[in-house]
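Please open the structure in your viewer and keep the selection tool at hand. Each stop on this tour names what to select and then describes what is found there.

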Amino acid sequence: MLPEKQFLNRKYVVVGSGLFGSVIAERIAKVLNQKVLVIEQRPHVGGNCHSFLEPETQIEIHTHGTHIFHTKNPRVWNYITGFSSFTNYQHKVLTQHGNRVYFMPISLATINSFYGLNLKPYEVEAFIRKESASANISEPRNLEEKAISMVGQPLYKAFIREYTTKQWGMDPKLLPADIITRLPVRMNYNANYFNDLYQGMPVDGYFKLFERLLSHPNISVELNCNYFSVRELIPKDCLVVYTGPIDQFFDYCHGMLEWRSLRFETEIKPVQDFQGTSVMNYADSEVPYTRIHEFKHLHPERDKPFSFPKTVLYKEYPTARLDLAQERYYPVNTAKNQALFLKYKDQSSHSNGIVMGGRLGDYRYLDMDQTIASALETFETKILPRKSA
Ligand SMILES: Cc1cc2nc3c(=O)[nH]c(=O)nc-3n(C[C@H](O)[C@H](O)[C@H](O)COP(=O)(O)OP(=O)(O)OC[C@H]3O[C@@H](n4cnc5c(N)ncnc54)[C@H](O)[C@@H]3O)c2cc1C
């Protein structure tokens with residue numbers, strides 16, 4: 001445990017060294033020119049964006065699954081490129097159904113290949129409309145009906161039904177329709193997963209990006225330090241920026257917010273290239289995992305690891321989060337959980353000296369760019385004004 005003197009005269013403590021906490025710490029250190037202590041319960045910084053080099057192959061592994069940086073937001077891009085250069089990697093996702101591989105999201109390539117057709121872009125919309133109209137669903141009551149009403153039975157059964165069942169551990173008939181607002185169908189052969197103007201991978205890795213984010217001399221980082229073991233030592237007039245789970249902060253007094261978790265199984269294969277791409281989805285129920293990540297494809301420009309005669313895979317298995325030790329990955333966005341979250345949110349608005357944020361504090365799935373945008377805004381609206389108050 002940290003000695004009490006570490007907290008003496010502290011004005012700023014950030015709980016969590018994920019992207020949200022690290023951006024806040026960097027702003028406090030640089031813009032306010034104030035000392036800030038970051039406490040992190042894990043043995044490393046970076047939160048779920050953490051990565052490391054696998055010792056034998058030197059392939060960069062993303063501990064919590066593939067992370068691609070992408071954004072439409074020039075402000076976020078300008079900010080993050082101050083800490084790393086980015087490659088021009090453009091993400092593509094493929095999915096295996098039966099014995100064949102298709103592009104995701106559903107595109108002209110997927111449709112033509114799946115139906116054995118040669119439709120032209122101007123013919124796709126009418127084709128999909130006809131497919132979905134034949135199901136005759138005017139008011140979808142669940143996720144299955146909603147998806148069928150958007151893309152029709154055959155595409156739904158091939159690419160959505162079993163994948164969704166694996167992902168959420170539930171028959172799509174039992175999932176609310178509003179989990180999906182739209183299913184993107186591309187009318188052309190564009191296979192890029194993201195449409196954002198800015199996209200890429202940190203040239204020398206996420207671990208270096210975090211090293212630079214937290215390198216300001218005003219920042220000190222304490223690893224293996226759980227906030228709940230030291231909270232009594234933090235001075236009452238210190239501002240605490242808490243990026244952990246909001247329900248845990250209040251000792252789960254209204255109940256526990258539900259999350260889906262993931263289990264990753266690592267394999268090192270004695271081949272140079274296992275699947276020819278960084279992420280392959282598995283749409284069918286016979287395959288128990290949803291995706292295989294093959295990290296070397298995220299950095300084809302790194303000659304040595306890319307041509308190394310071995311490759312590192314992660315098989316991704318979605319799971320329920322049945323015990324507290326399991327990681328929280330995806331919030332389960334039901335009305336019940338939202339109502340619970342609002343109770344905690346209301347309680348946090350009455351907590352003096354505490355600012356909450358990040359995906360765990362906001363109980364929200366946030367991409368990295370949204371996390372940065374939210375941290376910058378939180379700094380400007382909730383932390384900066386205190387300085388002049
Ligand atoms: C499987 C998966 C894939 C993803 N892929 C992408 C992608 O390709 N592109 C993209 O833009 N985004 C992606 N994301 C989203 C990305 O991971 C998040 O945007 C980002 O991690 C959010 O950062 P954060 O700081 O809010 O949370 P976190 O990264 O979870 O950081 C919170 C930190 O707080 C620490 N902490 C919590 N409680 C305590 C405590 N009591 N005491 C001390 N420390 C504590 C935790 O250990 C953690 O380090 C993905 C997410 C998942 C789940």
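This is a predicted model: local features need pLDDT of at least 70, side-chain atom pairs count only at pLDDT 80 or more; totals for chains, interfaces and linings use all residues.

Residues are numbered from 1 along each chain as its sequence is written, and side-chain values use heavy atoms, with hydrogens and water left out.

**The sheet**

Helices (H or I, at least four residues) and strands (E, at least two) are DSSP runs, numbered from the N terminus; two strands pair if DSSP finds at least two bridges between them.

**Helix α5**

Move to residues 143-151, helix α5, where seven of the nine residues are buried (under 20% relative accessible area, exposed being over 50% and partly exposed in between, with a 1.4 Å probe and protein chains only). Among the buried residues are Leu 143, Ile 148 and Val 151. Their cover includes α4 (121-133) and α6 (153-168). Asn 142 caps the N-terminal end of α5, with a side-chain oxygen 3.1 Å from the backbone nitrogen of Glu 144. Just after the helix, Gly 152 takes a positive phi of about 90 degrees.

**Asp 196**

Now select Asp 196, in the loop between α6 and β8 (198-200). Is this residue buried or exposed? Asp 196 is buried, because its relative accessible area is 13%. Leaving aside neighbours within four places in sequence, Asp 196 is in contact (heavy atoms within 4.5 Å) with His 70, Thr 71 and Lys 72. A polar atom of the Asp 196 side chain lies 3.4 Å from the backbone nitrogen of Thr 71.

**The ligand**

Finally, select the ligand. Of the 34 residues around the ligand, those that come nearest are Glu 40, His 67, Ile 68, Leu 366 and Met 368. One oxygen atom of the ligand is 2.7 Å from an N or O atom in the side chain of His 67, and an oxygen atom of the ligand is 2.7 Å from a polar backbone atom of Met 368. The protein covers 97% of the 1,000 Å² of accessible area that the ligand has on its own. Helix α12 gives the most to the shell, with three residues.

Key. A polar contact is a pair of N or O atoms within 3.5 Å; within protein, one must be able to donate a hydrogen and the other to accept it, and residues adjacent in sequence count only if both atoms are side-chain atoms. A residue is near a molecule or strand if one of its heavy atoms lies within 4 Å of it. Accessible areas come from the Shrake-Rupley method with a 1.4 Å probe; for residues, only the protein chains shown count as cover.
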